[in-house]
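Hi,

Here is the structure I promised to pass on to you.

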Amino acid sequence: MSFTSFSQSKKIRILKADNTMADPKYPGATISLGNVFVEHEGATLRCDKAYIYQETKLIKAMGNVVVNQGDTIFQYSKYTDYDGINKKATSWGDVFLKDDIMELRTDTLYFDRVKQHLYYKSGGTIKDTTNVLKSKIGNYYLAENKFQAFTNVDVTNKDSKLVSNHLDYFTDSGIAELYGPSTITSEQNKVYTERGHYNSKTNISYFIENSKIYYDDRTIEGDSLYYNKNKSFASATGNIVVNDTLNDTTIKGGYAELFQLKDSVYITDRAVAISAVENDSTYIHGNVLMVTGPTDERIIRAFNYVKFFKTNMQGKCDSLVTNEKTGLTELLKNPVIWAEGNQITGDTIHLISNIKTEQLDSLKIISNGFMVQKDSIGYSQMKGKFMFGKFKDNSLISLDVFGNSEVIFYGRDDNQKLIGITKMQTSKNIFITLDSNEINSINFYVSPDGNTYPPSKFPENEALLKGFIWREDERPLTKEAIFIRDDKTPEKTELKPTDTTIEPIKL
């Protein structure tokens, strides 16, 4: 749009008027009345009444004012003043401007012809084929089809609503560049950002500062977010935090992907899942974490170099699967658990939690079960084909050992004096009870083979059962240690360094 018609170098032409006169009260003015139609360098102005000052190139138009530039741009108002020397126009009173792609309504509209800049300061509305934009202050740059809005900005379409205090909106593309606190709300979710690129036509957006996406029961945030609303897909890079408010679970890492329609989150780069249980959080780390399923059937999967930390239990395996509906956690491929002085290994380990109390209920070791307690002069050991343990108040209180069972036990009196070392084996079962994490009793279902030796008589070459491995150096003793590989070097990241400082969840 151009108002170059209002030029100082050309005379304003009065093409039509019902009456034209001069009035001494308005020296230098030509007064045109009724169906006024004036033209200046290709632009026309119609109104009911106009005061035209040829010498100063000033037009004061009033009553049903219509300004037309070419065939595409029309502006309607009650009043318009045009200063041809300063090349500025002011229109007020129910201002309405339209072109091929947008409509603008405001009470007072200012126009700078040199800069090709329209602006208002007292509230306005712009409407195009996609959106309705409202703001207190607005700037429209005609050459760029760029609308800049400030203060109480509200952009609405059939799918979403955007609220901000500063944005640049391009009417031809439907793209909004967001500056400062901004919120985009739809039926599916809500997005908050303080700097972003939002395409209201393609529904593909990028957010790069203090950005969050809110779903029904999850939020995802990171240094930068990509969001495709059409596919309900979001990805995030740098300092990722995914919060699951219903399940009291937080996932952190360096890169994440969220598929809303599949109820799934994929996260990597120092990924850690933090679950709150009775003021004691569990931290699970793997090269890759996946969380899938609806709220009441959520499953957490961790792959490769998995370690977890809890105050009274730590563990390691290649892969881990937790089903929050059943309370079952499976540790797969070379798993090991350290539970308050006990090292437990097997081909596969199952931990079963009470889904109501969220406390540990039991454990199962499937194939090659092995439990070790370190004594000051040796190792108490229990071995069998299968093992079944029970927990009370999250502490292991008993262990059933099934099939080809073997035991080495360092017995001590109430004063912790070593009184004997027992080595027994049986083809049947062994039942062990524990008290305060110490072995309290050992019961055999059938008479075992073996002996109890005085400490000085115990054969040193029989101190370890076949398959014994002491893996204490692999144990993560702090929540930060879950990121350390067994060669004592931290996990390397493929993306830029991220802040994965992890804090407990407080209920």
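Below is what turned up, topic by topic.

First, some ground rules. This is a predicted model, so local features need pLDDT of at least 70 and side-chain atom pairs count only at pLDDT 80 or more, while totals for chains, interfaces and linings use all residues. Residues are numbered from 1 along each chain as its sequence is written, and side-chain values use heavy atoms, with hydrogens and water left out.

**Confidence**

pLDDT is the predictor's confidence in each residue, on a scale from 0 to 100. For the chain, the mean is 86, and 93% of the residues reach 70 or more. You will meet strand names a lot: strands (E, at least two residues) and helices (H or I, at least four) are DSSP runs, numbered from the N terminus. Confidence in the chain is highest in strand β27 (residues 328-332), at a mean of 94, and lowest in strand β37 (residues 438-444), at 80.

Now for the parts to treat with care. Residues 1-8 have pLDDT under 50, and the model gives them 34 contacts beyond four places in sequence; a contact means heavy atoms within 4.5 Å. Residues 492-507 are also below 50, with 40 contacts beyond near neighbours in sequence. Where pLDDT is low, the predicted coordinates should not be read in detail.

**Strands side by side**

Two strands pair if DSSP finds at least two bridges between them. Take β8 (residues 102-112) and β9 (residues 117-120): they pair in the antiparallel sense over three bridges, with Asp-112 standing opposite His-117 in β9. Together β8 and β9 make a hairpin with four residues between them, and Gln-116 in the turn has a positive phi of about 50°. Strand β9 also pairs with β12 (residues 137-141), again in the antiparallel sense, over four bridges. There, Tyr-120 is opposite Gly-138 in β12.

Positive phi turns up in other loops too. Ser-232, which is not a glycine, has phi near 50°, and it sits in the loop between β20 (224-228) and β21 (233-244). Asp-263 is not a glycine either and has a positive phi of about 50°; its loop runs between β22 (249-259) and β23 (264-277).

Are these two residues buried or exposed, or something in between? Buried means under 20% relative accessible area, exposed over 50%, and partly exposed in between (1.4 Å probe, protein chains only). Ser-232 is buried because its relative accessibility is 6%, while Asp-263, at 27%, is partly exposed.

**Aromatic rings**

Rings of Phe, Tyr and Trp (its six-membered ring) pair if their centres lie within 6.5 Å; planes under 30 degrees apart are stacked, over 60 edge-to-face, and the rest tilted. How many aromatic pairs does the structure hold? There are 14. One of them joins Tyr-76 and Phe-96: the ring centres are 5.8 Å apart and the planes are at 20°, so this pair is stacked. It links distant parts of the chain, with Tyr-76 in strand β6 (residues 73-83) and Phe-96 in strand β7 (residues 88-98), 20 residues apart. Tyr-76 is partly exposed at 28%, whereas Phe-96 is buried at 14%.

Another pair is Tyr-379 and Trp-470, which is tilted because the planes are at 50°, with the centres 5.1 Å apart. Here the partners are 91 residues apart: Tyr-379 is in strand β32 (residues 379-392), and Trp-470 is in the segment after β38. Trp-470 is partly exposed, at 24%. Ring pairs also connect Tyr-206, Tyr-226, Phe-233 and Phe-259 into a cluster.

**A few single residues**

Asn-342 lies in strand β29 (residues 342-345) and is buried, because its relative accessibility is 1%. Its side chain has a polar contact of 2.6 Å with that of Gln-373. A polar contact is a pair of N or O atoms within 3.5 Å; within protein, one must be able to donate a hydrogen and the other to accept it, and residues adjacent in sequence count only if both atoms are side-chain atoms.

Asp-486 is in the segment after β38 (449-453) and is partly exposed, at 36%. Leaving aside neighbours within four places in sequence, Asp-486 is in contact with Lys-307, Lys-316 and Glu-474.

Lastly, the cysteines: a disulfide is a pair of cysteine sulfur atoms within 2.5 Å, and the whole structure has zero of them. Cys-47 is buried, at 4%, and Cys-317 is buried at 4%.

Cheers
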